[in-house]
2 protein chains.
Amino acid sequence: MGVSLKDVALRAGVSVKTVSNVVNDFPHVAPGTRARVQEAIDALGYRPNLTARHLRRGRTGIIALAVPELGNPYFAELAGAVIDAAAAHEQTVLLDHTAGLRDKEALVSRGFRGHLIDGLILSPIQLEAEDLTTRQEGPPLVLLGEREYDAPYDHIAIDNVAAARTAVRHLLDLGRRRIAFLGAREESARQPAHLRLRGWREEILASGGTPDESLVAATSGYDRRDGAVAMRALLDLGRRPDAVFAYNDVVALGAMRVLTERGLRVPEDVAVVGFDDIEEGRYATVSLTTVAPDKSAIARLAVDCLVERIAAQDGDAAPPARRLRPGHRLVVRESTAGRPADTAEDPARPPPPSVARAQPGPGGP
Amino acid sequence: MGVSLKDVALRAGVSVKTVSNVVNDFPHVAPGTRARVQEAIDALGYRPNLTARHLRRGRTGIIALAVPELGNPYFAELAGAVIDAAAAHEQTVLLDHTAGLRDKEALVSRGFRGHLIDGLILSPIQLEAEDLTTRQEGPPLVLLGEREYDAPYDHIAIDNVAAARTAVRHLLDLGRRRIAFLGAREESARQPAHLRLRGWREEILASGGTPDESLVAATSGYDRRDGAVAMRALLDLGRRPDAVFAYNDVVALGAMRVLTERGLRVPEDVAVVGFDDIEEGRYATVSLTTVAPDKSAIARLAVDCLVERIAAQDGDAAPPARRLRPGHRLVVRESTAGRPADTAEDPARPPPPSVARAQPGPGGP
DNA sequence: CTGAAAGCGCTTACAG
DNA sequence: CTGAAAGCGCTTACAG
């Protein structure tokens, strides 16, 4: 059916080895031979069978990226960045989504794609440490995001506590004192939103205040609807905040929608800060102040680490597990700053400069 | 390095053929033998090498989905639906993004992943018919979306003209007469937004009006910024519409942001309709009226067609190229209907019922 | 119900 | 600079 190396070799009157050399752009092929082979390749329309190459090389050049949900723009944007970062290493990305379910996350982490992928980048939500420590086999693994584990894997994440503190600090500086936190998840022993919630507590304490736990709202997930439900629940209980710090941007956007429905003005009555810096937040009717993780740095570091570990399988000494901290910054927009007529942000122009800048964070320990 | 079939066969004291039979769940294996083999598999931690299987079978079970941009929620949501639809056929999805560039689209359509993928689903923006007619090789191909080609490939798309007419009809019914169209692209000989623009023209003509071409705004792409830029340009030229029909939801959202900036009320001063029904539109501060294509039907039909064509390569007669039309409906929200206090849509509840329903459209011709 | 053997299309020491 | 041959780990007629 397909045209094979052998067919090309036959036509060019050389061995398959020589054709292989030409196809793989190896040196030490006589110019005349190369031309003859190339001519045969073109004439026959030969295209290498990647599948055979994979089997022979023991490598596929495919890495998997497993995210909770592609419907969350943060992960869609991150996936785009990972695809680009991987292309720089000539790696192809296979996308998996786990729905944030522990079982699916554990399955993926065990490398259920047997030998199809060379490595895996996983952004877990509910995965537990034991899922990782009992991991027998599976490809090299790099972890992404807020969840941390005592397991020997590279972990790429911004300093979530510091980032959350910066956001809360910003709200405190605006004079807000009743700052709600949206996106705690009670069902999980170890809070996915652990660190951001801790940042909320620490910063309020550092300012001399007392964290009001009745302003911490649980959600069952992390999407727009969860934000709307949590915000509505808070208001229905009569716990009206003067500011909201949400686990992420879509939760913040869902909350903002409910605030408007209830006739509360953003930011005059309630200031709102999100997390992720998704494109959508910049174009919301009231543009969203947010913590902006450096997505392309996250993607780049993750792919670099993974590629290094894949290479290390060939006998190089593998580096110890690293903890890498890409940068982040607070982007102040209308949901906290209002819209002074003369300094209105223009969403059609390049992204505005950050206002507060958190420490970009050095590499791991 | 890995454990192979042979290792398992050795330990179980059977031939590799028998192990293969067990692994692939073939019948006609004596229960005792099966148990013995299974025990060996577990003890050795054997996992099939997919790469070898692919080579031998000549199939990988991987299909590619190429979309312009994962950052556009419509494509992210569609990708999720395709991944799910493919899982039902035990197919894995490889995601490519083309940035809507003709060269990249043409490259992908030629199946540049040589034998790695069994088939391709492509949603083209700038691809031209000749790119397809000169296509020599490449895997089975299914086309998605508004662009149509005179080429023998399956094409899955809602009735874009009818859908656009329904949207414009809705605006006309509200008494709007200066309806702008956002998202024409002049640089391309054959408009990507061809059909939706045609629907705009036809419906205005059908209502006895005259399409005002000065209200057709070109964009350089199809994202939020493009919508904002186009809207601003229209207003700066003094061409104030009383309604906007946008090529898609993100363009509509970008436009809505600018309208608000300029102190225009939505929908009182300007009603807005988008296209795609992305989740974001439901939670916008003024929720967005939109044409909702049936994304899961699109995904399902595309995967079904592709899987059928892949199977047809084994000698079955391939069906002629089909044109399949999944359904769509108009979802009316606040950006055209306003927010009557007593019927406010609750974004935290299930999606609202459609108000106008376009013909769901029969299967192909 | 099970086995021995060929072959999918490459890459890679090993020779020359 | 080029060739002959083995082998990556499977699946699959073909026998028995």
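**Notes on a predicted model, chains A and B**

1. Let's start with a helix pair: H1(A) and H3(A) cross in the right-handed sense. H1 covers residues 5-12 of chain A and H3 covers residues 31-44, and the two pack at an angle of about 125 degrees with their axes 9 Å apart. Angles of 65 to 115 degrees count as roughly perpendicular and those over 145 as roughly antiparallel; H1(A) and H3(A) are therefore oblique to each other.

2. Which residues make the H1(A)–H3(A) contact? From H1(A) come Asp7(A), Val8(A), Arg11(A) and Ala12(A). On the H3(A) side they meet Arg36(A), Val37(A), Ala40(A), Ile41(A) and Leu44(A).

3. On to the cores. The largest nonpolar core has 190 residues, and those touching the most other members are Val82, Ala255 and Ala302 of chain A together with Val82, Ala255 and Ala302 of chain B. There's also a second, separate core of 9 residues, with Leu5(A), Val19(A), Ala40(A) and Tyr46(A) among them. Ala40(A) has come up already, as one of the H3(A) residues that meet H1(A). As general background, nonpolar side chains tend to be buried together in soluble globular proteins.

4. Ala255(B) is worth a click. Setting aside neighbours within four places in sequence, Ala255(B) is in contact with Leu182(B), Gly227(B), Ala228(B), Ala230(B), Met231(B), Val244(B), Ala246(B) and Val272(B). Helix H11(B), residues 249-261, lies across E6, E8, E9 and E10 of chain B and runs at about 155 degrees to E9(B). Helix H10(B), residues 224-236, lies across E6 (179-184), E7 and E8 (243-246) of chain B, at about 135 degrees to E6(B).

5. In chain B, 6 strands form an open sheet in the order E7-E6-E8-E9-E10-E12, with mixed pairing. Its edge strands are E7 (216-218) and E12, each of which pairs on one side only. On average, neighbouring strands are turned by 15 degrees against each other, direction ignored.

6. With E12(B), residues 328-331, E10(B) pairs in the antiparallel sense over 4 bridges; here Thr290(B) stands opposite Val331(B).

7. Why is E10(B) described as largely enclosed by the rest of the structure? Because 5 of the 5 residues in this strand, 289-293, are buried. Thr289(B), Val291(B) and Pro293(B) cover one side, and Thr290(B) and Ala292(B) the other. In general, side chains in a regular strand alternate between the two faces of the sheet.

8. E4(B), residues 141-144, also has buried residues pointing both ways: Leu141(B) and Leu143(B) one way, Val142(B) and Leu144(B) the other. E3(B), residues 119-122, pairs with E4(B) in the parallel sense over 3 bridges, with Leu120(B) partnered by Leu141(B). E5(B), residues 154-156, likewise pairs with E4(B) in the parallel sense over 3 bridges, and Val142(B) has Asp154(B) as its bridge partner.

9. Last, is Ala206(B) buried or exposed? Ala206(B) is found in helix H9(B), residues 194-206, and counts as exposed because it has 12 C-beta neighbours inside 10 Å, where the cut-off for exposed is 12 or fewer. Its C-alpha atom is separated by 9.7 Å from that of Arg165(B), 41 residues apart along the chain.

Definitions and conventions:
Residues are numbered from 1 along each chain as its sequence is written. Chains are lettered from A and ligands numbered from 1 in the order in which they are written. This is a predicted model: local features need pLDDT of at least 70, side-chain atom pairs count only at pLDDT 80 or more; totals for chains, interfaces and linings use all residues. A residue is buried if 20 or more other C-beta atoms lie within 10 Å of its own, exposed if 12 or fewer, and partly exposed in between; C-beta atoms are placed from the backbone. Two strands pair if DSSP finds at least two bridges between them. A nonpolar core is a set of buried Ala, Val, Leu, Ile, Met, Phe, Trp, Tyr and Cys residues joined through C-beta atoms within 7 Å. Two residues are in contact if their C-beta atoms, placed from the backbone, lie within 7 Å. Axes are lines fitted to C-alpha atoms, for helices over the stretch in contact, and angles run from 0 to 180 degrees between N-to-C directions. Angles under 35 degrees count as roughly parallel, over 145 as roughly antiparallel, 65 to 115 as roughly perpendicular and the rest as oblique. A crossing is left-handed if the near helix is turned anticlockwise from the far one by less than a right angle, and right-handed if clockwise.
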